[in-house]
Number of protein chains: 2
Amino acid sequence: MPATIRDVARASGVHISTVSRTFSAPHLVNPETRGRVLACAEELGYRPNRAARALITGRTHNIGLIIADIANPFFPPLIKAAESQARQRDYHVFVADTNEDPIAEEELVHALAKQVDGVLLCSPRMSNSLIEQLSREVPLVVINRQVTGLPCVTMDVGQGTRAAMEHLLDLGHRRIALLSGPRGSWTSREIRRAAGVAARSGGAELTVLGPNQPTETGGGALAEQVRRAGVTAVLAYNDLMAIGLIEGLDALGLRVPQDVSVVGIDDITLSRLTRPKLTTVATPTAAAGRTAVDMLLQHDSVAARGSRGGGRSGATDDRRTTAQVMLRTELVIRDSTAAAPADGPPGPDAQVVVPGPHRLAGPGRPTVATGGVVAS
Amino acid sequence: MPATIRDVARASGVHISTVSRTFSAPHLVNPETRGRVLACAEELGYRPNRAARALITGRTHNIGLIIADIANPFFPPLIKAAESQARQRDYHVFVADTNEDPIAEEELVHALAKQVDGVLLCSPRMSNSLIEQLSREVPLVVINRQVTGLPCVTMDVGQGTRAAMEHLLDLGHRRIALLSGPRGSWTSREIRRAAGVAARSGGAELTVLGPNQPTETGGGALAEQVRRAGVTAVLAYNDLMAIGLIEGLDALGLRVPQDVSVVGIDDITLSRLTRPKLTTVATPTAAAGRTAVDMLLQHDSVAARGSRGGGRSGATDDRRTTAQVMLRTELVIRDSTAAAPADGPPGPDAQVVVPGPHRLAGPGRPTVATGGVVAS
DNA sequence: CCGGATGCTGCAAACCTTTGCAGTTGAAGT
DNA sequence: ACTTCAACTGCAAAGGTTTGCAGCATCCGG
């Protein structure tokens, strides 16, 4: 039923190749002819079949974006940024969700491989070696992970973590817990390493709890452990866990930030809406999405796969630049952190105090401490 | 570089058609041969090219999902449900975000049309007539809107709104504001209609504010207007606006629910995390996603487009069942609603009172009032 | 020993488009 | 008038797959 290039050719009395060129290389066809073809195409509602085009050009003009969990508010800004960046270059983004499942991740790459020109692998949970292997099947850009030999864009969570720890240390905290993230997360490992170093050099004791589901539920489930650990401050793998933890602590009668300070990572919009507002490390997710698309498309436009004629000639180990970009992070101080309680960490049977005003840092612009570098 | 069906054929010493059948109709090929082919395919890392297959079968095994705004937490559960339902039937979902832009919506449908077997149009902002027109280009299932002649799945927000209004009326509210949603939203119209009826029959005065951006920002911006309207209760188009409004009211010194009661719609997970926890109308978003996929695939498997041989024969106005499904909604009562203040609505210069404990309804399971019907 | 059924495989067309090459036309240059 | 050139257009192959049809053995019943 849908009109094909042949229908348009018939209707406008030209050969199909002329119709094709009318769309893909307009300057090669007589303006008059072009007008007629265009009119007929419009009339018939013709739209070029991208799949058929892809078959011969080797370029689908689609990008795959594989995400661990769309429901995690960390990702949508990244998705939107990637999408709009791609659309500007006449590419479409196909988003797929893996539910934090490494197996689904691999399957998805395979399934997407032939329908897209490249895949953005966001917060992968699978192994580096598998990623490298998959990258031979389809161009890959990895987000939130460093894989040697592959283009990557990461956030400098190391620096962010350092800033957060220093903030906590400045407030007098010496017993700090770290809520780590899901198994397989590169970010989680980075955070842990940086937190460990900062704690040691600050003379603080760091208790690592995890790995955990990176959700509110995952954070909330740790409240009891946090209390038992007797810490005065907590750094969470992400905001969702931090918020869940605050809920959980609240249920246990522990107030944030009076009894326990909590710092998240990501600065999702939600973190501005909870009470207390969350102190957190802001990660430039939108920028990451844009950058990843740029990296993919740049290296992609150079070497179109499956080009015709040339026939299996080289190009298998082209020395692409494989840039590795690391984006700055920022500590955003809000209301979930405060000076360590003078009387030390509250015991399991601590009294619940009358809630005071939440805000410590005033209602103005959030205080910002900056860090991070741009590497290559 | 990627292995094709021809490579496998060569390697296993059979014709390409046999390789093809090994994958698409295994029972037609000798088990021994099949084994050999499979082995070679595995060896070469062959994966059938879905695009090429689509060219001839007319089925891509992809479905498109067009969403107004991925960053709105209302949608991710729907997306995930649709995705997992689709994956169970060996389909992939391509998600696209329109940024609430009707133009982008139309373009996206066109762009997706040839690469998917059908499109799920979620919360469309464009006109019904345009939707009908597009549905001739690619099978469509509409979510959150009723379009005659097209398969639709909607939430019974009318009933939900009724329940919310009754809840408010029961609490003694007689001056109520309605924060409407974005222009072009079917849901917003439904809510407005139902709220109008309920207000009239309950002897309450309803002030409609809008249309608005369906975001926290959109809600927050209305705080001043809400105060000036002198209402004691507000029903918002969605939770995000409700939460934004609560923030805004807070900044104005108005307490929720003591001074003003606020009800949202959607029951996004966020609504359980804010303080006060939001009273809201729960909409079955995941069920909607699943149902929509089912409806698309069912009607899709019956009439495969572009089948070979038959040649332009009929099937243009097949009497498909075009089911219209409406899903139940539920009022979930939490902490953002309370009895109307005895002394009437506070004026613009009301005193700020000392904050009391937020929870009124106790920390147990949320009270649930149910409503809604399943139509067809 | 023959007719036919059965089970498997090969052949080739078709899906829709792009693109190198060659052909046509007309104008410009010499 | 003849070549050269440019501008345009047609031809046909190619890309990877599916599938109706036909061919070939083999096996069974008679």
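## Overall fold

Of the 376 residues of chain A, 52% count as buried, a residue being buried if 20 or more other C-beta atoms, placed from the backbone, lie within 10 Å of its own, exposed if 12 or fewer do, and partly exposed in between. This is a predicted model, in which local features need pLDDT of at least 70 and side-chain atom pairs count only at pLDDT 80 or more, while totals for chains, interfaces and linings use all residues. Residues are numbered from 1 along each chain as its sequence is written, and chains are lettered from A and ligands numbered from 1 in the order in which they are written.

The secondary structure of chain A comes to 13 helices and 13 strands, where helices (H or I, at least four residues) and strands (E, at least two) are DSSP runs numbered from the N terminus. Among contacts in chain A with a separation of 6 or more, 73% join residues 24 or more positions apart; two residues are in contact if their C-beta atoms, placed from the backbone, lie within 7 Å.

## Nonpolar core

The largest nonpolar core holds 188 residues, of which A:Leu120, A:Val234, A:Leu245, B:Leu120, B:Val234 and B:Leu245 touch the most other members. Such a core is a set of buried Ala, Val, Leu, Ile, Met, Phe, Trp, Tyr and Cys residues joined through C-beta atoms within 7 Å. Leaving aside residues up to four places away in sequence, B:Val234 touches B:Ile176, B:Ala177, B:Leu179, B:Val226, B:Leu245, B:Val260 and B:Val262. Another core, of nine residues, lies apart from it and includes B:Val19, B:Val37, B:Cys40 and B:Tyr46.

## Contact between the chains

Chain A and chain B each bring 36 residues to their contact. On the side of chain A that touches chain B, at least two residues each come from α4 (50-57), α5 (75-88), β2 (92-97), α6 (102-113) and α12 (239-251) of chain A. By class, this side of chain A has 20 nonpolar, six polar and 10 charged residues, with Ala, Val, Leu, Ile, Met, Phe, Trp, Tyr, Cys and Pro counted as nonpolar, Asp, Glu, Lys and Arg as charged, and the others, Gly among them, as polar.

## Surfaces near the DNA strands

DNA strand C is surrounded by 30 residues, the closest being A:Ile5, A:Ser17, A:Ser20, B:Asn30 and B:Thr33; a residue is near a strand if its C-beta atom, placed from the backbone, lies within 6 Å of it. The largest share of this surface, six residues, comes from α2(A), and by class the surface near DNA strand C has 12 nonpolar, 13 polar and five charged residues.

Around DNA strand D there are 30 residues, of which A:His15, A:Thr33, B:Ile5, B:Ser17 and B:Ser20 come nearest. Here α2(B) gives the most, with six residues, and the surface near DNA strand D divides into 13 nonpolar, 13 polar and four charged residues.

## Backbone details

Most residues other than glycine have a negative phi, and most peptide bonds are trans. The peptide bond from A:Gly210 to A:Pro211 is cis, with omega near 5°, and A:Pro211 is found in the loop between β7 (205-209) and α10 (216-220) of chain A.

B:Asn99, in the loop between β2 (92-97) and α6 (102-113) of chain B, has a positive phi, near 55°, and counts as partly exposed because 15 C-beta neighbours lie inside 10 Å. B:Asp266, in strand β9 of chain B, has a phi near 130° and counts as buried because it has 30 C-beta neighbours inside 10 Å.
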